[in-house]
Amino acid sequence: MMINTIVVIIGIVGGVLFIFAVLIVYREWPYFCMDSIGTSNNNRLAIDSFIGLLYEAEYKMSTFDEGNIMDESIYQDKYVIKLVDEKLKRNPDFKMECSFSSSDENKFRKTFENHPQVDIRIRQSPFSDSAHYKIIDDGKKAYLSWHNPGSQKRNVQRYDFSKVRRRPWPGQADVIQEHIGKYLEDIKLTFSQSAAIN
């Protein structure tokens with residue numbers, strides 16, 4: 001009789017623990033679907049990352065950067081400008097959203113400020129977070145960087161949310177919102193309220 005009671009108790013506890021484990025995996029599943037890499041890089045690697053995101057973007061690329069005129073900057077690079085121009089010509093529905101904290105007329109700005117697929121904004125006030133970002137397709141992939149003005153070395157966080165559901169199932173973690181939600185909100189606010197220069 002005692003053995004049967006112990007077996008029943010063990011079965012109930014095991015069942016509860018199994019259900020609890022399933023619920024944890026269900027809630028945390030989006031973390032298994034995303035990829036995140038922290039690293040540091042320089043101007044050359046920043047350009048290569050920009051090009052990679054541009055290539056993978058399907059309908060939009062949104063950026064926030066200083067945009068000041070600097071040697072080896074993304075926005076002074078002729079090859080980057082050529083690739084953006086080709087992407088825009090190949091994809092008439094593709095959009096570029098660029099916000100700069102500097103009013104410098106870099107080569108990118110001079111080339112695209114009147115282009116109908118490119119929306120360039122000069123920020124009226126700096127973004128409260130110091131991270132610069134490049135985000136494609138409203139959060140499919142993101143590249144965040146932190147660096148001092150004029151510094152070539154950057155601390156970088158790259159995110160790949162391409163396998164994550166845009167709207168998590170009820171009770172699941174919203175990893176996109178958690179990691180880049182404030183940047184997506186910044187894009188929304190910047191490109192709906194700021195004064196355009198083009």
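Reader: What makes the search come up with one cavity of 30 Å³ or more?

Author: This is a predicted model, and a search of the whole structure finds one cavity of 30 Å³ or more. The largest cavity comes to about 160 Å³. A cavity is a place where a 1.4 Å probe fits but cannot get out, and that is what the search looks for. Asp65, Met70, Ser73, His147 and Arg154 are the closest to its centre, out of 17 lining residues. Two or more lining residues come from each of α2, β5 (132-136) and β6.

Reader: What classes of residue make up the lining of the largest cavity?

Author: Five nonpolar, seven polar and five charged residues.

Reader: And what makes the other space, the one of about 220 Å³, a pocket?

Author: A pocket is an open set of points with protein on both sides within 12 Å along at least five of seven lines. The largest pocket has that volume of about 220 Å³. Its lining has 13 residues, and Leu53, Lys141, Ala142, Arg158 and Tyr159 sit closest to the centre.

Reader: Which elements each supply at least two residues of the lining of the largest pocket?

Author: They are β1 (35-41), α2 (43-56), β6 (141-146) and β7 (154-160). With four residues, α2 gives the most. By class, the pocket lining splits into five nonpolar, three polar and five charged residues.

Reader: Let's move to serine 62. Why is serine 62 called buried?

Author: Buried means under 20% relative accessible area. Serine 62 has a relative accessible area of 2%, so it is buried. You'll find serine 62 in strand β2 (residues 60-65).

Reader: How do you know that the side chain of serine 62 makes a polar contact with the side chain of glutamate 97?

Author: The two side chains come to 2.8 Å, and the cut-off for a pair of N or O atoms is within 3.5 Å. That pair therefore passes the distance test. Setting aside neighbours within four places in sequence, serine 62 is in contact with Glu97, Tyr133, Lys134, Ile135 and Ile187.

Reader: Why is aspartate 174 called partly exposed?

Author: Partly exposed covers the range between the buried cut-off, under 20%, and the exposed one, over 50%. Aspartate 174 has 34% relative accessibility, so it counts as partly exposed. Aspartate 174 belongs to the loop between β7 and α5 (175-193). From aspartate 174 to valine 164 is ten residues in sequence and 9.2 Å in space, C-alpha to C-alpha.

Reader: What makes a set of residues a nonpolar core?

Author: The members are buried residues of the nonpolar kinds, joined through side-chain atoms within 4.5 Å. Here the largest such core has 27 residues, with Phe50, Met61, Val84, Met96, Phe108 and Phe112 making the most contacts inside it. At least two residues each come from α2, α3 (78-90), β3 (95-100), α4 (107-112) and β4 (118-122), and α2 gives the most, with six. There's also a second, separate core of 17 residues, including Phe64, Tyr133, Ala173 and Phe191.

Reader: Which residues does methionine 96 touch?

Author: Not counting residues up to four places away in sequence, methionine 96 touches Phe50, Leu54, Met61, Val84, Leu88, Phe108, Gln117, Val118 and Asp119.

Reader: How many helices and strands does the protein chain have?

Author: Five helices and seven strands, running α-β-α-β-α-β-α-β-β-β-β-α from the N terminus. Buried residues account for 42% of the 198 in the chain.

Notes. Residues numbered from 1 in each chain as written. Predicted model: local features only at pLDDT ≥ 70, side-chain atom pairs only at ≥ 80, totals over all residues. Heavy atoms only, no water. 1 Å grid on protein atoms, 1.4 Å probe; cavity = no way out; pocket = protein on both sides within 12 Å on 5 of 7 lines; lining within 4 Å. Points joined across faces, edges and corners; volume = space filled by probe spheres on them. Nonpolar A, V, L, I, M, F, W, Y, C, P; charged D, E, K, R; others polar. Buried < 20%, exposed > 50% of the residue type's maximum accessible area, 1.4 Å probe, protein only. Polar contact = N/O pair within 3.5 Å; in protein donor to acceptor, adjacent residues only side chain to side chain. Contact = heavy atoms within 4.5 Å.
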